[in-house]
Amino acid sequence: MTKPYSGGCACGAIRYSAAAEPIMSNDCQCRQCQKDSGAGHGSYLTFPMGAVSVEGEARTFDLTGDLGTVKRRAFCPTCGTPVFMTFPVMPDLFVVRAGTLDEPERYRPQMVIWTDAAQGWDRLDPTLPAFARMPPAR
Ligand SMILES: [Zn+2]
Ligand SMILES: [Zn+2]
């Protein structure tokens, strides 16, 4: 068993731990991730919900993606850090933002999605598989 992936918000009120390897690690360049991060993309690790524990009360807001999936984005009401994301229609998934990890160097992006919406100034690793929108379902 590898060391859990732990992390939290900037002020420490929200803490999470995931005792599993990520199911998926990806950068996303969609407009919602640009708005939400204030940068060119978001970087995400997706874990199985059963391996996750969260401490602290996050505030949430729901956003519907272009393909109709509701994303419940959770942020710290004190410091405002966007910390994690869940999906009401896919309750088995828990997505954390790579920058909130205690050891962010453990993030290993496997792919870039939503390059259709990418900004020219947001240059990511060109060797990663890239998808115009979502990757094809496996
Ligand atoms: Zn906080
Ligand atoms: Zn996105």
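Of the 138 residues of the chain, 28% count as buried. The model is predicted. One helix and ten strands make up its secondary structure. Along the sequence the elements follow the pattern β-β-β-α-β-β-β-β-β-β-β. The radius of gyration is 14 Å, close to the 14 Å that the globule rule gives for 138 residues, so the chain is as compact as a globular protein of that length. Taken along the principal axes, the C-alpha atoms fill a box of roughly 35 × 35 × 30 Å. Among contacts between residues at least 6 apart in sequence, 52% join residues at least 24 apart.

Seven strands form an open sheet with mixed pairing. Their order is E6-E7-E8-E9-E4-E3-E10. Strand E6 (59-64) and E10 stand at the edges. Each has a single partner strand, so one side of each is left without a neighbour in the sheet. From one strand to the next, the twist averages 30 degrees. E4 and E9 run antiparallel and are joined by five bridges. In E9, Val95 is the bridge partner of Thr46.

The largest nonpolar core has 25 residues. Val83, Phe84 and Val96 have the most contacts inside this core. Two or more residues come from each of strands E2 (15-18), E4 (42-48), E7 (70-75), E8 (82-86), E9 (93-97) and E10 (111-113). Val96 illustrates the packing. Leaving aside neighbours within four places in sequence, Val96 is in contact with Gly7, Tyr16, Ala18, Leu45, Phe47, Val83 and Phe84.

Definitions and conventions:
Residues are numbered from 1 along each chain as its sequence is written. Chains are lettered from A and ligands numbered from 1 in the order in which they are written. This is a predicted model: local features need pLDDT of at least 70, side-chain atom pairs count only at pLDDT 80 or more; totals for chains, interfaces and linings use all residues. A nonpolar core is a set of buried Ala, Val, Leu, Ile, Met, Phe, Trp, Tyr and Cys residues joined through C-beta atoms within 7 Å. A residue is buried if 20 or more other C-beta atoms lie within 10 Å of its own, exposed if 12 or fewer, and partly exposed in between; C-beta atoms are placed from the backbone. Helices (H or I, at least four residues) and strands (E, at least two) are DSSP runs, numbered from the N terminus. Two residues are in contact if their C-beta atoms, placed from the backbone, lie within 7 Å. Two strands pair if DSSP finds at least two bridges between them. Axes are lines fitted to C-alpha atoms, for helices over the stretch in contact, and angles run from 0 to 180 degrees between N-to-C directions. The radius of gyration is taken over C-alpha atoms; the globule rule is 2.2 Å times the number of residues to the power 0.38.
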